Amino acid sequence: MHHEMSPTGVAVLLLLAVVVDYVSIGPNWLRDRLAFLMAIPAVYEGFNGSQLDAWTLERLTGVIQWALDQSGNAYIAGASAAAVVGILVGAVWLYGLGCILPAKASKRLGRLATVNFPPSGVWAINWKLWAVAVTIGLLGDVPLGWIGDLTSGTNELLADVFAPLPGFLLGGN
Amino acid sequence: MALARYRLRIFDGAYEVLHNNRFVIDVDLDQPTMNAILDRQLVALVELGRIANEPMDRPVMKVCDLDTGRPVLDVVA
């Protein structure tokens, strides 16, 4: 995997995302979106391909496989658990997209654009935001095809966009 | 403000329903009679939203300027 940021940069970006979320820095429309957009590349660059990633994916596939086995001899029991995980990651990505889009866009794009992260006050971490960001960052490479292009493309695009930020803020590399 | 013409927009929360329609009303926003007029419009627009199969859980009606479309007044139930 090609890394856009150095490990120091990843750590800085991750802490920056945590701080923006925890201290609730910024106006309402910007704050959660900025924390989310910074969290995704930090998790992607920092943890993708690690043992944590492999363990998470293994557990998730195990749960899906168990659920498929529960259906006995139904035709759907032969479904690929990896593909089901892929579609779930795609659904989470869609939820993240709805949260990023401004509510004014709902006139053209429908009610998805009105979805928002749950409100969280000062001195509080928005757990749902982080759950979505970790899912997209760690598991974004699981789906294949068009949805895979969307999720892994998002990861790489955000990594490219935020790569110079730690250097600007703290200097060095 | 004297009697003027405004455009009404109906929202469910942040989502504008019936955005292709153009609801226009003549009302004087300085007179207290505007409360009853706008309330009746709100009820009618909420009903139209429900007919259009939109869930109207948090209806908000915005009284907007006719030309620019900028909201002048917000009316809730």
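1. Which residues form one aromatic cluster? They are A:Phe36, A:Tyr95 and A:Phe117. This is a predicted model, in which local features need pLDDT of at least 70 and side-chain atom pairs count only at pLDDT 80 or more, while totals for chains, interfaces and linings use all residues. Residues are numbered from 1 along each chain as its sequence is written, chains are lettered from A and ligands numbered from 1 in the order in which they are written, and side-chain values use heavy atoms, with hydrogens and water left out.

2. Over all chains, the search finds three aromatic pairs, a pair being rings of Phe, Tyr and Trp (its six-membered ring) with centres within 6.5 Å, called stacked if the planes are under 30 degrees apart, edge-to-face if over 60 and tilted for the rest. The pair of A:Tyr95 and A:Phe117 is edge-to-face because the ring centres are 6.1 Å apart and the planes stand at 85°. Since A:Tyr95 belongs to helix H4 (residues 81-100) of chain A and A:Phe117 to the loop between helix H5 (106-109) and helix H6 (127-139) of chain A, the pair ties together parts 22 residues apart in sequence; helices (H or I, at least four residues) and strands (E, at least two) are DSSP runs, numbered from the N terminus.

3. A:Phe117 is buried at a relative accessible area of 7%, whereas A:Tyr95 is partly exposed at 22%. Here buried means under 20% relative accessible area, exposed over 50% and partly exposed in between (1.4 Å probe, protein chains only).

4. In chain B, the charged end of B:Lys62 sits over the ring of B:Phe11, 5.3 Å from its centre; the criterion is NZ of Lys or CZ of Arg within 6 Å of the ring centre and within 35 degrees of the ring normal.

5. The structure holds one cavity of 30 Å³ or more, a cavity being a set of points, on a 1 Å grid over the protein atoms alone, where a 1.4 Å probe fits but cannot get out, with lining residues having an atom within 4 Å of a point. Strand S1 (4-12) and strand S2 (15-17) of chain B each supply at least two lining residues of the largest cavity, and S1(B) gives the most, with four. Among the lining residues are B:Arg7, B:Glu16 and B:Phe23.

6. Zero disulfides are found over all chains, the test being a pair of cysteine sulfur atoms within 2.5 Å. A:Cys99 is buried at 2% relative accessibility, and B:Cys64 is buried at 1%.

How values were computed:
1 Å grid on protein atoms, 1.4 Å probe; cavity = no way out; pocket = protein on both sides within 12 Å on 5 of 7 lines; lining within 4 Å. Points joined across faces, edges and corners; volume = space filled by probe spheres on them.
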